[in-house]
Amino acid sequence: MKLNELMKELQYGESIEVECKKASNSLPKSVWETYSSFANTNGGTIYLGIDEPKNNRFEIMGVDCPEKIIKDFWDTISSDKVSSNILLEKDVRKECVDGKYVVIIHVPRADYKHRPVYINGNPMKGTYKRNYEGDYHCTESEIKSFFRDASDEGMMVVCYQDIQWMILMEILYRCIGMHLRYIILIMYGIRWIIKTF
């Protein structure tokens, strides 16, 4: 990869889909929070071996042993560190940029059935999302929403609710021409139907 190609990718700095980490000779621990946040949000790319000083200009530091970092990454992601490994071999690679090696990890957005992607075996403390250029803990309601959306039962509840409203609308449509007392009786019946569902 050429220096100008990398700088073009990084021209807007870190963002909701770009994260840079120094990582000279080991895999940074914070890489797993970023993995979780990218997987749970829109996906993104992690660059190891690039530092972002305070002036928002990137500096390519390089990694000393990219093969070791890549092996450590695959060993860890294949363990119980993360709830789900959604990566393929092509998603993790090394690139030589200006004589220095950079490890590039592309994290796709996880399929809804795999979310939430969390770390350390604890979804309540290890589920992250990406906002602007940072990794943030998900709230309890966001985590519950992930689990609800991932289950087939959650999808069925949505379908049942849609069917209820369609039935209600059809009944109301047919009742408009009827006498008022019939409408009141039907409304009581609808209330009973909704309670039983």
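Good morning. Let me state the conventions at the outset. Residues are numbered from 1 along each chain as its sequence is written, and side-chain values use heavy atoms, with hydrogens and water left out. Because the model is predicted, local features need pLDDT of at least 70 and side-chain atom pairs count only at pLDDT 80 or more, whereas totals for chains, interfaces and linings use all residues.

I begin with confidence. pLDDT is the predictor's confidence in each residue, on a scale from 0 to 100. Its mean over the protein chain is 82, and 73% of the residues reach 70 or more. Helices here are DSSP runs of H or I with at least four residues, strands are runs of E with at least two, and both are numbered from the N terminus. Confidence is highest in helix 2, residues 31–40, at a mean of 97, and lowest in helix 6, residues 152–175, at 55. Over residues 154–159 pLDDT stays under 50, and the model has 2 contacts for that stretch beyond four places in sequence. A contact means heavy atoms within 4.5 Å.

Next, the overall make-up. The protein chain has 7 helices and 8 strands. Of its 197 residues, 37% are buried; buried means under 20% relative accessible area, exposed means over 50%, and partly exposed lies in between, with a 1.4 Å probe and protein chains only. Among contacts with a separation of 6 or more, 62% are between residues 24 or more positions apart. The chain exposes about 12500 Å², of which carbon and sulfur atoms supply 55%. These areas come from the Shrake-Rupley method with a 1.4 Å probe, and for residues only the protein chains shown count as cover.

I turn now to the salt bridges. The term denotes a side-chain nitrogen of Lys or Arg within 4 Å of a carboxyl oxygen of Asp or Glu. The whole structure holds 11 of them.

Glu19 pairs with Lys21, with 3.3 Å between the closest N and O atoms. Glu19 is buried at 8% relative accessibility, and Lys21 is buried at 8% as well. Arg130 pairs with Asp135, and here the closest N and O atoms are 2.7 Å apart. Arg130 is buried at 1%, while Asp135 is partly exposed at 22%. Through shared partners, Glu19, Lys21, Arg130 and Asp135 form one network.

Thr34 belongs in this part of the picture. Thr34 sits in helix 2 and has 0% relative accessibility, so it counts as buried. Leaving aside residues up to four places away in sequence, Thr34 touches Glu19, Lys21, Ile46, Arg130 and Asp135.

Another salt bridge joins Glu67 and Lys94, at 2.4 Å from N to O. Glu67 belongs to helix 3, residues 66–77, and Lys94 to strand 5, residues 92–97, so that the pair links distant parts of the chain, 27 residues apart. Both ends are partly exposed: Glu67 at 44% and Lys94 at 34%.

That brings me to helix 3 itself. Helix 3 has 12 residues and spans 16 Å from first to last C-alpha, close to the 16 Å expected at 1.5 Å a residue; the expected span is 1.5 Å times one less than the number of residues. Which residues of helix 3 are buried? They are Pro66, Ile69, Ile70, Phe73 and Ile77. These residues cover an arc of only 100° around the axis, and therefore lie on the same side of helix 3. The arc is taken from the directions running from the helix axis to the C-beta atoms. An α-helix has 3.6 residues a turn, so residues three or four places apart point the same way. The buried residues of helix 3 pack against helix 2, strand 2 (44–48), strand 5 and strand 6 (100–107).

Finally, the backbone details. Arg115 and Pro116 are joined by a cis peptide bond, with omega about 5°. Pro116 lies in the loop between strand 6 and helix 4, residues 123–126. Asn120 lies in the loop between strand 6 and helix 4; its phi is positive, near 60°, in a residue other than glycine. Asn120 is exposed, at 51%. Asp98, in the loop between strand 5 and strand 6, is not a glycine either, yet has a positive phi of about 55°. Asp98 is exposed at 61%.

Thank you.
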